[in-house]
Structure formats: C-alpha cells, structure tokens
Amino acid sequence: MADLRITELNALTITASTDEALVSDTSAAETKKITIENLFKTPYVGTPQALSGAGTANITAPITNCTSSGATQVVALANGAQGQVKICSHTVDGGSVRITPTNLDGGSYAELDAVGDTVVLLFNDGAWQIIGGHGYTVT
C-alpha cells in the first residue's frame, strides 16, 4: 500500500467517529493521523474581523465584531459558500448595526441594537439563512 497514491485508494462514502484521516501538521513538518471525531470537534481558532462603523463583513473570517459609531451602521455581507456559517456580533455601542446580506431568506437585514446582540447565519441554497443569535430583529 505504500506505493499507492491517495487518488488510487478505495473511496469511503460514510465515516465512523473512530475512522482516521491524514493531516499535514505544518507546525511540526510531519504527517499525522486524526480521528474523524477529533477533526470535527476542533473549534474555530483565529482572529475575528473587527469592523468599526459601516462597511463590509468579510466572508473569510467566521466572526465579525461590529463597533457602531453613529446612528444606523449598514454592514454589507456578500454571498458565501454552500454550508458556510457567519457570526456577526455588536461589541461596542454607538448606535445600531444593520447586517445586510446580498441575499437573505425571510427579510432584508438583521438589526443589532445593543452590545451583545448577535446573529448567526448559514449560507444555503444561494442565500443567507438566520439560524440563531441573541437580541436581533429581522426586517
């Protein structure tokens, strides 16, 4: 088996939590194994986007922390990739934050009025869908 390329191996269509996958650990410059269970319980680790005032929430960072610096601050959100999750949170209050996706099922925007207000969106079937959050309103 050591002389086979990965593309030449048999395909697995359903995994079990104890199945293993290969990971290239760039911090250790070696290839390691990881169980499917451990692979999918690893949380997002990274720096959220910090956005002050009106602007555009990026689709590269899963989290955008919004500082409102005046009346209603409009924050645009472009279409994402199928299955992508985006979290927008109001972290510093100077007014409200209006998260305005290009395509939003069930409304035009989500309004965050106070610090701690958060909206969690899933990009599915060509549009963002609100799947959770706290303190937001949809219009």
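Visitor: Let's start with Cys88: is this residue buried or exposed?

Guide: Bear in mind that we're looking at a predicted model. Anything under 20% relative accessible area counts as buried. Cys88 comes out at 0% relative accessibility, so this cysteine is buried.

Visitor: How many disulfides does the structure hold?

Guide: A disulfide is a covalent bond between the sulfur atoms of two cysteines. To count as one here, the two sulfurs have to lie within 2.5 Å. Cys66, itself buried at 1% relative accessible area, has its closest cysteine sulfur in Cys88, but at 5.4 Å that is too far for a bond. The number of disulfides is 0.

Visitor: Okay, on to pockets. Which strand gives the largest share of the lining of the largest pocket?

Guide: That pocket has about 360 Å³ of space. It is lined by 12 residues, and the closest to its centre are Ile6, Leu9, Asn10, Glu20 and Ala21. By class, the lining has 8 nonpolar, 2 polar and 2 charged residues. The largest share, 3 residues, comes from residues 20–25, which is strand β1.

Visitor: Now the open sheet of 5 strands: which are its edge strands?

Guide: Read the order across the sheet, β4-β6-β8-β9-β12, where the pairing is mixed. An edge strand pairs on one side only, and that picks out residues 55–57 and 136–138, in other words β4 and β12.

Visitor: And inside that sheet, which residue of β8 stands opposite Val74?

Guide: Strands of a sheet pair through backbone hydrogen bonds, either parallel or antiparallel. Here β6 (residues 73–77) and β8 (residues 97–101) run parallel, joined by 5 bridges. Opposite Val74 in that pairing you'll find Arg98.

Visitor: Last stop, strand β3: which side chains point to one face and are buried?

Guide: β3 covers residues 49–52, and its side chains alternate along the strand.

Definitions and conventions: Residues are numbered from 1 along each chain as its sequence is written. This is a predicted model: local features need pLDDT of at least 70, side-chain atom pairs count only at pLDDT 80 or more; totals for chains, interfaces and linings use all residues. Side-chain values use heavy atoms; hydrogens and water are left out. On a 1 Å grid over the protein atoms alone, a cavity is a set of points where a 1.4 Å probe fits but cannot get out, and a pocket is an open set with protein on both sides within 12 Å along at least five of seven lines; lining residues have an atom within 4 Å of a point. Grid points are joined across faces, edges and corners, and a volume is the space filled by probe spheres set on the points. Helices (H or I, at least four residues) and strands (E, at least two) are DSSP runs, numbered from the N terminus. Ala, Val, Leu, Ile, Met, Phe, Trp, Tyr, Cys and Pro count as nonpolar, Asp, Glu, Lys and Arg as charged, and the others, Gly among them, as polar. Buried means under 20% relative accessible area, exposed over 50%, partly exposed in between (1.4 Å probe, protein chains only). Two strands pair if DSSP finds at least two bridges between them.
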